[in-house]
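The stops below proceed from strands to rings and then to the core.

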Amino acid sequence: MKKNTNMTKLGHIGRQILLAASVFVPLIALPGLAAAADWASVIMYHRFGDGKYPSTNIKLDQFKEHLQELKAQKYTVLPLGQIVDKIQSGQALPDRTVAITIDDAYLSVYENAWPLLKEAGFPFTIFTSTDALDKKIPDYMSWAQLKEMVDAGVYVGHHTATHRHLPALSIEQVKEDIQRASASFEKQLGFVPGILAYPYGEYGREIKDVVKQAGFKAAFGQQSGVFYSGSDMYGLPRFALSEAFGSIGRLRLAANAMPLRVKQVMPKDNILKRNPPAFGFTLAEQYSNLNQLSCFSSNQSGGAVPIERLGNARVEVRLSKAYSAGRGRINCTLPGPEGRYRWFGALFYIPRR
């Protein structure tokens, strides 16, 4: 695969985690702040200043506020491909490193977001589904506009051809969808992006295997969490931001987040065969304040769910209610230093019966 050469009722905290509360306690600068790290926060957007679709849109005044926040000296905004390369090779990143990603290549990216990002001097990645551009669907960018952005230094990521729900397809259909998009990228831009984002953030074990075998270096979902050196490179997290989930408090929460390092996550497949799942994980690092660990589920009234600690490292989340068909989420957080939060999230796909 020829790659893109430039890609290389809840308490206060619970409300912020699941409902993106607009109030956020300011972070306090304390001595001993880490100067380098093996992690980064990846944030994602879709539409900009397009009020017809509030669930995937960010208002322009919200977005401008985000960019102003990210200009603060404590943050470092880097290209996504560079972050992937550094983490994979064991190179240190600045603390509070952030990557900006945008899904679907809507026209509002070209018209509204790009001028603001250029003014801010921030690199970003557009994950593009090729059928929308090939078919010249209104409300999407054209290939000429995307190429103009690439020529100006914007990064492009792979987002399949059809933007269908991949878990609802056969594995052969998944392969064909990815291959057809790769052919369009090669034809229109002269390269195939080396990083993929799953449509809707949905994937399972077999889908990850397809992506890995296709030669991608990494793939991202839409579960909240922090990308770190111990992450599954084909199930990487991103913090989604939109009108309802786009307060400056949520942006700060995401940009300042730290990894909750876990291993032996169950279930092994994000496409659920048992609903609710028997969800659990083993902590890959010791935390002195583990009694403050909280988990929240999108299928639970109020969000918070019971957890059980087995010994010093194993955590089991006890879900009593099944998820509805579609997507379900669990977020687990632990207070960290300086008012920050350690974060691990999971997204499930629940098949329709």
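Two strands count as paired if DSSP finds at least two bridges between them. With that criterion in mind, select β18 and strand β19 (residues 314–317) in this predicted model. Four bridges join the two strands, which run antiparallel. Within this pairing, I307 stands opposite V317 in β19.

Now turn to strand β20 (residues 326–335). Seven of its ten residues are buried, so β20 is largely enclosed by the rest of the structure. Colour its two partners separately. Strand β17 (residues 294–297) is joined to β20 by four bridges, and the two run antiparallel; here F296 stands opposite N331 in β20. β20 also pairs with β21 in the antiparallel sense, over ten bridges. In this second pairing, N331 stands opposite G345 in β21. β20 and β21 form a hairpin with five residues between them. Select E338 in the turn, which has a positive phi of about 60°.

Proceed to the aromatic side chains. A search of the whole structure finds 14 aromatic pairs. Display F279 and F344, which form a stacked pair, 6.4 Å centre to centre with 10° between the planes. This pair links distant parts of the chain: F279 belongs to strand β16 (residues 279–283) and F344 to strand β21 (residues 341–350), 65 residues apart. Both F279 and F344 are buried.

How are the rings of F281 and F344 placed relative to each other? Their centres are 5.4 Å apart and their planes stand at 70°, so the pair is edge-to-face, given that planes over 60 degrees apart are classed in this way. F281 lies in strand β16 and F344 in strand β21, so this pair ties together parts that are 63 residues apart in sequence. F281 and F344 are both buried.

For a charged group over rings, move to R47. R47 lies over the face of Y53, at 3.8 Å from the ring centre, and also over the face of Y106, at 3.7 Å from the ring centre.

Which members touch the most others in the largest nonpolar core? Of its 75 residues, these are I43 and L70. Helix α4 (residues 107–120) gives the most to this core, with seven residues. Centre the view on L70 and show its contacts: leaving aside residues up to four places away in sequence, L70 touches I43, Y75, V77, V98, I100, F122, L251 and A255. Finally, select A99, I195, Y234 and L236, which are among the members of a second, separate core of 32 residues.

Definitions and conventions
Residues are numbered from 1 along each chain as its sequence is written. This is a predicted model: local features need pLDDT of at least 70, side-chain atom pairs count only at pLDDT 80 or more; totals for chains, interfaces and linings use all residues. Side-chain values use heavy atoms; hydrogens and water are left out. Rings of Phe, Tyr and Trp (its six-membered ring) pair if their centres lie within 6.5 Å; planes under 30 degrees apart count as stacked, over 60 as edge-to-face and the rest as tilted. Buried means under 20% relative accessible area, exposed over 50%, partly exposed in between (1.4 Å probe, protein chains only). A charge sits over a ring if NZ of Lys or CZ of Arg is within 6 Å of the ring centre and within 35 degrees of the ring normal. A nonpolar core is a set of buried Ala, Val, Leu, Ile, Met, Phe, Trp, Tyr and Cys residues joined through side-chain atoms within 4.5 Å. Contact means heavy atoms within 4.5 Å.
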